[in-house]
Amino acid sequence: MPQERIILGIDPGTTVMGYGVIKVEGKSAHLVTLGVLELHKYTDHYLKLQKIFERVVGLVDSYHPDELAIEAPFYGKNVQSMLKLGRAQGVAMAAALSRSVPIFEYAPLKIKQAITGNGRASKEQVAILLKQMLKLKEIPEYLDATDGLAAAYCHFLQNQKLQLTGGVKSWKEFINKNPGRIKK
């Protein structure tokens, strides 16, 4: 695992797509940028997908991320909304892949758990903690931006865990390396 790397995080959406970029140096992460792509002004769904593709390619070309962390679609009751969200995610992934950026998907519950310790946390709670952890000047108007940032930070934390525990070849080795994680 390289000591210095850039992670692009994306919260896909067809109304607002959030993104955040962090720079990882050793065991710490620093904010590079965060923002949103507002899509509500476009009525054509295919034009929205084109705009998502163009923005993600632009972000990749500008910041040269080593990895993309993206929020996976969650299961909802509205099938049409899920399909549109899946398309938005797919287009964002295709844009990153067009520049050979590896992709890592995280469920919304996993991202919230990583940031706040609570998988059911609100967008506001995630934003407040990210503001503290990454020393943001202010919480952005659209929390989709901090959701994109949360995906990137979640990926950073996942890699920190892997580095801390180190790879293990068996359960016995894991137990020996992590005695505090075993419940009796």
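This report describes the fold, the cores and selected residues of a predicted model.

## Basis of the values

The model is predicted; local features need pLDDT of at least 70, side-chain atom pairs count only at pLDDT 80 or more, and totals for chains, interfaces and linings use all residues. Residues are numbered from 1 along each chain as its sequence is written, and side-chain values use heavy atoms, with hydrogens and water left out.

## Overall fold

The chain has six helices and five strands. Both kinds of element are DSSP runs numbered from the N terminus, helices being H or I with at least four residues and strands being E with at least two. Read from the N terminus, the order of elements is β-β-β-α-β-α-β-α-α-α-α.

The chain has 184 residues, of which 42% count as buried. Buried means under 20% relative accessible area, exposed means over 50%, and partly exposed lies in between (1.4 Å probe, protein chains only). Among contacts with a separation of 6 or more, 60% join residues 24 or more positions apart. Contact means heavy atoms within 4.5 Å.

## Nonpolar cores

The largest nonpolar core has 23 residues, and Leu8, Ile10, Met17, Ile52, Val56 and Leu68 touch the most other members. Strands S1, S2 (16–25) and S4, with helices H1 and H2, are the elements that give two or more residues to this core. Apart from this core lies another, of 20 residues, including Ile111, Ala121, Leu149 and Tyr153. A nonpolar core is a set of buried Ala, Val, Leu, Ile, Met, Phe, Trp, Tyr and Cys residues joined through side-chain atoms within 4.5 Å. In soluble globular proteins, nonpolar side chains tend to be buried together.

Isoleucine 10 is found in strand S1 and counts as buried because its relative accessibility is 0%. Leaving aside residues up to four places away in sequence, isoleucine 10 touches Met17, Gly18, Tyr19, Val56, Leu68, Ala69, Ile70, Glu71, Ala92, Gly148 and Ala151. Its C-alpha atom is separated by 9.5 Å from that of methionine 93, 83 residues apart along the chain.

## Helix H2

Helix H2 covers residues 79–97, 19 residues in total, and reaches 26 Å from its first C-alpha to its last, close to the expected 27 Å. The expected span is 1.5 Å times one less than the number of residues. Asparagine 78 caps the N-terminal end of H2, with a side-chain oxygen 3.0 Å from the backbone nitrogen of glutamine 80.

The buried residues of H2 are Leu85, Ala88, Gln89, Val91, Ala92, Met93, Ala95 and Ala96. They pack against strand S1 (4–11), helix H1 (45–63), strand S4 (67–71) and strand S5 (103–106). Serine 81 is also placed in H2, but is partly exposed, with a relative accessible area of 42%. The C-alpha atoms of serine 81 and glycine 13 are separated by 9.7 Å, although the two residues are 68 apart along the chain.

One aromatic pair is counted. The rings of tyrosine 153 and phenylalanine 156 have their centres 5.2 Å apart and their planes at 50°, so the pair is tilted. Rings of Phe, Tyr and Trp (its six-membered ring) pair if their centres lie within 6.5 Å; planes under 30 degrees apart count as stacked, over 60 as edge-to-face and the rest as tilted. The two residues are three apart in helix H5, and therefore separated by about one helical turn. Tyrosine 153 is buried at a relative accessible area of 10%, and phenylalanine 156 is buried at 4%.

Glutamine 158 is found in H5 (residues 143–165). At 18% relative accessibility, glutamine 158 counts as buried. Not counting residues up to four places away in sequence, glutamine 158 touches Tyr106 and Lys110.

## Positive phi in loops

Most residues other than glycine have a negative phi. Histidine 64 has a positive phi, near 50°; this residue is placed in the loop between H1 and S4 and is exposed, with a relative accessible area of 55%. Serine 100 has a positive phi near 60°. Serine 100 lies in the loop between H2 and S5 and is exposed, with a relative accessible area of 66%.

Methods:
Polar contact = N/O pair within 3.5 Å; in protein donor to acceptor, adjacent residues only side chain to side chain.
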